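Open the structure in your viewer and keep the selection tool ready. We will go stop by stop.

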Amino acid sequence: MDYGILDFLHLIGSLCVFVFGMKIMSDGLQKAAGPRLKGMLAGMTSNRFMGVLTGFLITVLLQTSSGTTVMVVSFVNAGLLTLAQSMGVIMGANIGTTLTAWMISLLGFKVNVLSIAIIGMGFALPFYFSGNKTRKSLAEFVIGFGILFIGIEYLKESVPNISENPEMLAFLETYTQYGFFSILLFVLFGTILTVTVQSSSAATAITLALIYQGYIDFTYAAAIFLGENIGTTITANLAALVGNVHAKRAARFHFIFNIIGVVWVLSIFTPFLGFIDYILTSFFDMSPFVDDIAERGQNMVIAISVFHSLFNILNVIIFIGFLKFLEKLVIKIQPSKGDVDEEFRLKYISAGIQNSSELSLLEAQKEIQMFAKLIDKMSFTTGALLFEKHKNPEKLLSKLNKREGITDNMEVEITKFLALLTDNGLSERGQKQARGMIRMVSELERIGDLFNLMGRNYERMVDLNVKLPEEGKLELKEMLELIFDFIKVMRVNLGKNYDQIDLAQIYAMDKRIDRKRDEILENHYVRLEKGVYSAQAGVIFLDYVNRLEKVGDNIVNIHEAAIGLKLEKKEAKII
């Protein structure tokens, strides 16, 4: 046998070129159409049929169903999609991934695209250095397309020639003598192959290269493709390990849907393949069952593409009417473990940046909304601590301190996520939005610090047995209520498109807080001069006022960052 380790490494390197080309092509298209991809999310919320269409279109753009389903799982985890909405998208992704097989079958093997691809890359190169972001992104797409087909050409050359290596055919034939069990073995092989390369598109390329050389007959080639449909679900299930119960359910649905599809096809496997042979023979005068190895290989790449598409389309048609039943089944298989399992968790972003950085910005926006909700809770805890009678203030202090620790972690994790996004193919608009989000997260964390410091002030008052006069407490309560209203408006605005924010309203609310502060300070100095409270109590009171006013400033900064204004340096306040 002439096929050695260097030949195998050449095969792996060829696969790397193919995958790299696909990534460059996908990134270029995303940069050019990234903002429009966000609009496609609207289709997910309409109905199951629009969900299927959306999943198909996104997978066609991303050229990986694994990437689409991982992205959908993270959106479900973030609350951007419900389980029911995600199911249609996942079904559509299964159809979208069949385009890879058609692209390779029709162009990669049937036509010598390499020379055309090289010419296209040469034409695109000057535009890659263009100052126009759209032209540069489209050039990147063309260059990636060329690299992809260079990889396909290398793959064809890297797969050993069957006439020179008859031992390989004999090796494969040893596993084709066990009847239906042999089919199951090849299904397992397809599953393992896809899990190993972590890309259904890459697994498709490898399988088609083997089929084209005539190593595998149509029956076992189809079994491998069924296995790849199972293998592609593993990535989403791995991503869901760190997600909440809803994300796990979406991932489980993908696995169950594909498994059920494979089972029903296997139950009618021979007639199903015969039907495909009938179609090809009747309409295209070609058969995947011919004896000539060269002709069989050429026919089979088309036959497999037909099989792959027909299987996934029929699977969707059969089960789209049973989504309610499948939803109940998934919920029963993956039950909730209570409030802890249902609550939102930031950890979902540890599943990694998805294939579309633009769409990942929606996840970051959802995280910022949750951050603001946490800040809202801290403000009410502070109010309860200062103005309500309670037997156990330590519990409220502990809650404030714990939540402040969470805000620190959220700032780090969200900032890290956004920083990675800016290096992962964001458009110019997306980069600007990501930078604004990083500033917003920083301001939210500072508000958390301020409320926690107010809790420490309360603790110091208790330790020193310092009490504020009722007039002063009433003034603080009025100022805190203005902050409550300001935070409420902030939370509403963070759920909008940022360009819809009314800054005039924000500045007006900030001025009300500033006027209240000036009024309180004037009364404070009068009380201090009259000896209504001690200097120590006066310092603590003043500290409360300054921190509340600073919260208002931070909220203004958040809104300015949201719409992309340059943050002005404000006069330093006591923190």
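The tour starts with the whole chain, then moves to single regions and side-chain pairs.

**The whole chain**

Select everything. This is a predicted model. The protein chain has 22 helices and 0 strands. Of its 575 residues, 53% are buried. The chain exposes about 26100 Å², and carbon and sulfur atoms supply 61% of that area. Take the contacts between residues at least 6 apart in sequence: 80% of them join residues at least 24 apart.

**Confidence**

Colour by pLDDT. The chain mean is 79, and 78% of the residues reach 70 or more. Now select residues 470-494, helix α20: among the elements of the chain, this helix has the highest mean pLDDT, 93. Helix α16, residues 339-342, has the lowest, 45. Next, pick residues 350-355, where pLDDT stays under 50. Finish with residues 567-575, where pLDDT also stays under 50. The model has 19 contacts beyond four places in sequence for residues 567-575.

**A nonpolar patch**

Select Ile-5, Leu-6, Phe-8, Leu-9 and Ile-12. Together they make a nonpolar surface patch of about 520 Å². Zoom in on Ile-12, which sits in helix α1, residues 5-44. Is Ile-12 buried or partly exposed? Ile-12 is partly exposed, with a relative accessible area of 35%.

**Salt bridges**

Side chains of opposite charge can pair when their charged atoms come close. The structure holds 10 salt bridges. Here are some of them.

- Select Glu-413 and Lys-416. Their side chains meet in a salt bridge at 3.9 Å, N to O. Both lie in helix α18, residues 393-422; they are 3 residues apart, so about one helical turn separates them. Lys-416 is partly exposed at 45% relative accessibility, and Glu-413 is partly exposed at 32%.
- Move to Glu-443 and Arg-446. This salt bridge spans 3.2 Å, N to O. The two residues are 3 apart in helix α19, residues 428-464, so they too are separated by about one helical turn. Glu-443 is buried, with a relative accessible area of 4%, whereas Arg-446 is partly exposed at 40%.
- Now take Glu-478 and Lys-516, whose side chains meet at 2.9 Å, N to O. This pair links distant parts of the chain: Glu-478 is in helix α20 and Lys-516 is in helix α21, residues 503-530, 38 residues apart. Glu-478 is partly exposed at 31%. Lys-516 counts as buried at 15%.

**Last stop**

Select Glu-471, Glu-475 and Arg-527. A network of salt bridges links these residues.

Definitions and conventions:
Residues are numbered from 1 along each chain as its sequence is written. Side-chain values use heavy atoms; hydrogens and water are left out. Patches are made of residues with over 30% relative accessible area and no salt bridge: like charges are joined within 9 Å, nonpolar side chains (Val, Leu, Ile, Met, Phe, Trp, Tyr) within 5 Å. Accessible areas come from the Shrake-Rupley method with a 1.4 Å probe; for residues, only the protein chains shown count as cover. A salt bridge is a side-chain nitrogen of Lys or Arg within 4 Å of a carboxyl oxygen of Asp or Glu. Helices (H or I, at least four residues) and strands (E, at least two) are DSSP runs, numbered from the N terminus. Buried means under 20% relative accessible area, exposed over 50%, partly exposed in between (1.4 Å probe, protein chains only). pLDDT is the predictor's confidence in each residue, from 0 to 100. Contact means heavy atoms within 4.5 Å.
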